Amino acid sequence: MKIAIVGCGAMGSVYAGLLGSRDNDVLVIDRWDAHIQAIQDNGLHITGASGERRARLRAYRDVPHETVDLVIIAAKAAQAGSAAASARPLLNDATTVLTIQNGLGSADDVARAVGSERLAVGIAAAFGASLPAPGHVHHNGMAAIRMGAYSTLSPARLEPVVAAWQDAGFNAESVQDVTAMQWEKLICNVAYSAPCTLSGLTVGQVMSDAHMSQVSQAAATEAWNVARARGIALTVTDPVAHVQAFGARIPDAKPSVMLDHERGRVSEIDYINGAVPREAAKCGHTAAVNMVLTALVKQREAAFQAA
């Protein structure tokens, strides 16, 4: 399969490295010059839960004018729509687009850019990915990749996509209820994204800290309650057990929001903890825990923007 990955950050690099290690023609597009140059010169070095390898990929700073079978949008949530718009030269009538981001809302931006009929939405669970250096990605886990149709994408179009991920070593499956899938991942994200970022603790340290564990569990439980109030068909019956099982797979990981703050960058917190109060308002509820956590994170980010 010919695959383009738009947004070759930590998670995009994991996808690229494993998919590129199999019989796929993989090209990556990212604006980080040093990362792209390192991949062009020496390939992409992957370490961690999938073992150690070096994948030879085609790497570009700008989108090349050639079409592909699959476009994976792996940019941060706030940039997903613009990343998808930039990927239009890669599309033909048969191209499937898979967007994988944390939180809620970015898939709508991608659908407006590339068309809902070709779009699949995915989630990635418990990878704990980071970029130690240009051309080097490390990941602490790789629990699951789940994907489903955004609207009218046919199962026949999704089958070869799922098969390519499975062949590359991912625990990949298709799902029928994309909304429930996103909410069940969001519950995990809100438990650790803001709490880890604000405390400076890893996922495992938040779980074991007497104070931050309470905050983490409260954020997750609130998101779970909002999802139920919104009529989402969750399979999760115990939100605390759900996020503890998630966290136990990647205790040494730092969430992407925390990694952004360590680099002085604005995060995608509005699509994670910030999504919960927005969704709560749609059904006449409030979400005070996640509202406060979001406000505290954004207060820090205001300093980044002012610098």
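Which residues make a nonpolar surface patch of about 270 Å²? In this predicted model, the patch is made by M291, V292 and L296. V292 is found in helix α12, which covers residues 288-306, and with a relative accessible area of 45% V292 is partly exposed.

Helix α1, residues 10-20, is largely enclosed by the rest of the structure, because 10 of its 11 residues are buried. The buried residues of α1 include A10, G12, S13 and V14, and Y15, A16 and L18 are also among them.

Helix α6, residues 178-199, is likewise mostly covered, with 19 of its 22 residues buried. From its first C-alpha to its last, α6 reaches 32 Å, close to the 32 Å expected at 1.5 Å a residue, although the helix bends by about 30° at N189. At the N-terminal end, α6 is capped by D177, which places a side-chain oxygen 3.2 Å from the backbone nitrogen of T179. Just after the helix, G200 takes a positive phi of about 80°.

The C-alpha atom of D177 is separated by 9.4 Å from that of I232, although the two residues are 55 residues apart along the chain. I232 lies in the loop between α8 (212-229) and α9 (239-248), and despite this loop position I232 is buried, with a relative accessible area of 16%. The assignment follows because buried means under 20% relative accessible area.

A126 counts as buried at 2% relative accessibility, and its phi is near 55°, a positive value in a residue other than glycine.

The remaining features concern charged side chains. A search of the whole structure finds 14 salt bridges, and one of them joins D25 to R58, with the closest N and O atoms 3.1 Å apart. Because D25 lies in strand β2 (residues 25-29) and R58 in strand β5 (residues 58-60), this pair ties together parts that are 33 residues apart in sequence. Both partners are partly exposed, D25 with a relative accessible area of 34% and R58 with one of 25%.

What else does R58 meet in a salt bridge? Its side chain also meets that of E66, at 2.9 Å from N to O, and a network of salt bridges links K2, D25, R58 and E66.

A further salt bridge is formed by D62 with R31, where the closest N and O atoms are 2.7 Å apart. Here D62 lies in the loop between β5 and β6 (70-73) and R31 in the loop between β2 and α2 (33-42), so this pair ties together parts that are 31 residues apart in sequence. D62 counts as partly exposed at 46% relative accessibility, whereas R31, at 53%, counts as exposed. The two labels differ because exposed means over 50% relative accessible area, and partly exposed lies between that value and the 20% limit for buried residues.

Key: Residues numbered from 1 in each chain as written. Predicted model: local features only at pLDDT ≥ 70, side-chain atom pairs only at ≥ 80, totals over all residues. Heavy atoms only, no water. Patch = residues over 30% accessible without salt bridge, like charges linked within 9 Å, V, L, I, M, F, W, Y side chains within 5 Å. Areas by Shrake-Rupley, 256 points an atom, 1.4 Å probe, with all protein chains shown as cover. Salt bridge = Lys/Arg side-chain N within 4 Å of Asp/Glu carboxyl O. Helix = DSSP H or I, 4+ residues; strand = E, 2+ residues; numbered from the N terminus. Buried < 20%, exposed > 50% of the residue type's maximum accessible area, 1.4 Å probe, protein only. Expected span 1.5 Å × (residues − 1). Bend = angle between axes of the 7 residues up to and from the residue. Polar contact = N/O pair within 3.5 Å; in protein donor to acceptor, adjacent residues only side chain to side chain.
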